[in-house]
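Morning, everyone. Let me walk you through one chain today. Please have a look at it first.

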Amino acid sequence: MAALAAVATGCTGADPDQSAVTATATATAVVDPTSLVTNGVDELGADEAVDVARDALLDAASFRVAGSPNRGTPLDLVYVSNNEVVGSTGTVTQGSSTFELRAVNSDVFVRGNLDWLTETVAEDATRTLGESWLLLPDEVASDLAVFADPALLVDTLLVPGGPVRRVGVSLIEDAPALGVQYVDSEATVWIAGDGPLLPVLVERLGATATDGVLRISDVDDDVDLEPPPADEVVVVEREAE
């Protein structure tokens, strides 16, 4: 969860005197940016633009978040929220461990490299799972809430917690987007300038093409999210204190 928050809060250890608007590998300046905008995002103030983008993502039935909040912490998750199910599915990195995660309503299942769990869940259990899914105890699952809960993820990335300012329109992967910067952290959210007013990318100060960037895509795709088959699930208790 801290890794995701780092994108929004700009926890990079960067030089505090660095210019607030930095050129990164994710944004390309254009000569006449307003000519590329078709949805009116360039006419919105910074606060309104972020609010509209946040509300649009909260209303989405599904969306994908992929990238690396910090160096060496890749994630790729599809979040789902509809009348039947709320949750996510994909891969997450904790420390040096990359694992599969599937969250279905209040249940969070994981499988793969679970070395990060040995301090909270019996070590012998994590070593004998094989291809089975582990149903996490509630107190452990809560540590992964931002990876499981679409609304929490949206708030983590799109509630600035302070003043914001527009930094202009750039091309984000060949499409126009308005940049709104969180003044305190200097993280920037880019909001689509063509089509629905949705966030397309969030980057921290000093981001590169691969680190400090989260891309948001595949909004409202059809996604079937179901718990793993019962015979593939192992239930263990939290390691005794």
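A word on ground rules. This is a predicted model, where local features need pLDDT of at least 70, side-chain atom pairs count only at pLDDT 80 or more, and totals for chains, interfaces and linings use all residues. Residues are numbered from 1 along each chain as its sequence is written, and side-chain values use heavy atoms, with hydrogens and water left out.

Overall picture. The chain has 6 helices and 13 strands. Helices (H or I, at least four residues) and strands (E, at least two) are DSSP runs, numbered from the N terminus. The chain has 241 residues, and 44% of them count as buried. Buried means under 20% relative accessible area, exposed means over 50%, and partly exposed is in between, with a 1.4 Å probe and protein chains only. Now contacts, meaning heavy atoms within 4.5 Å. Take those between residues at least 6 apart in sequence: 57% join residues at least 24 apart.

Next, the strands. Two strands pair if DSSP finds at least two bridges between them. Start at E4, residues 86-94. E4 runs antiparallel to E5, and 8 bridges join them.

Move on to E5, residues 97-104, and E6, residues 107-112. They are antiparallel too, with 6 bridges. Glu-100 has Arg-111 of E6 as its bridge partner. Val-104 has Asp-107 of E6. Then E6 meets E7, residues 133-135, through 2 bridges, again antiparallel. There, Val-110 is partnered by Leu-134 of E7.

What is the phi of Asn-105? It is near 55 degrees, a positive value in a residue other than glycine. For background, most residues other than glycine have a negative phi. Asn-105 sits in the loop between E5 and E6. That hairpin also has 2 residues between its strands. Asn-105 counts as partly exposed, because its relative accessibility is 46%.

Glu-186 also has a positive phi, near 65 degrees. Look for Glu-186 in the loop between E9 (175-182) and E10 (188-192). Buried or exposed? Glu-186 is buried, because its relative accessible area is 16%.

Now the helices. H2 covers residues 46-59, and H6 covers 150-158. They pack at an angle of about 165 degrees, with their axes 10 Å apart. Axes here are lines fitted to C-alpha atoms, for helices over the stretch in contact, and angles run from 0 to 180 degrees between N-to-C directions. So H2 is roughly antiparallel to H6. The cut-offs: under 35 degrees is roughly parallel, over 145 roughly antiparallel, 65 to 115 roughly perpendicular, and the rest oblique.

Which residues make the contact? From H2, Val-50, Ala-53, Arg-54, Leu-57 and Leu-58. From H6, Ala-151, Val-154, Asp-155 and Leu-158. That divides into 7 nonpolar, no polar and 2 charged. Here Ala, Val, Leu, Ile, Met, Phe, Trp, Tyr, Cys and Pro count as nonpolar, Asp, Glu, Lys and Arg as charged, and the others, Gly among them, as polar.

Leu-198 lies in the loop between E10 and E11 (199-203). Its relative accessible area is 14%, so Leu-198 is buried. Leaving out residues up to four places away in sequence, Leu-198 touches Ala-53, Ala-56, Leu-57, Trp-190, Ile-191, Ala-192 and Val-219. Leu-198 and Asp-55 are 143 residues apart in sequence, yet 8.7 Å apart in space, C-alpha to C-alpha.

Last one: Val-41. It lies in the loop between E1 (27-29) and H2. Val-41 counts as buried, because its relative accessibility is 0%. With residues up to four places away in sequence not counted, Val-41 touches Arg-166, Leu-178, Ile-191, Ala-192, Gly-193 and Leu-197. Val-41 and Pro-176 are 135 residues apart in sequence and 10.0 Å apart in space, C-alpha to C-alpha.

That is my tour. Over to you for discussion.
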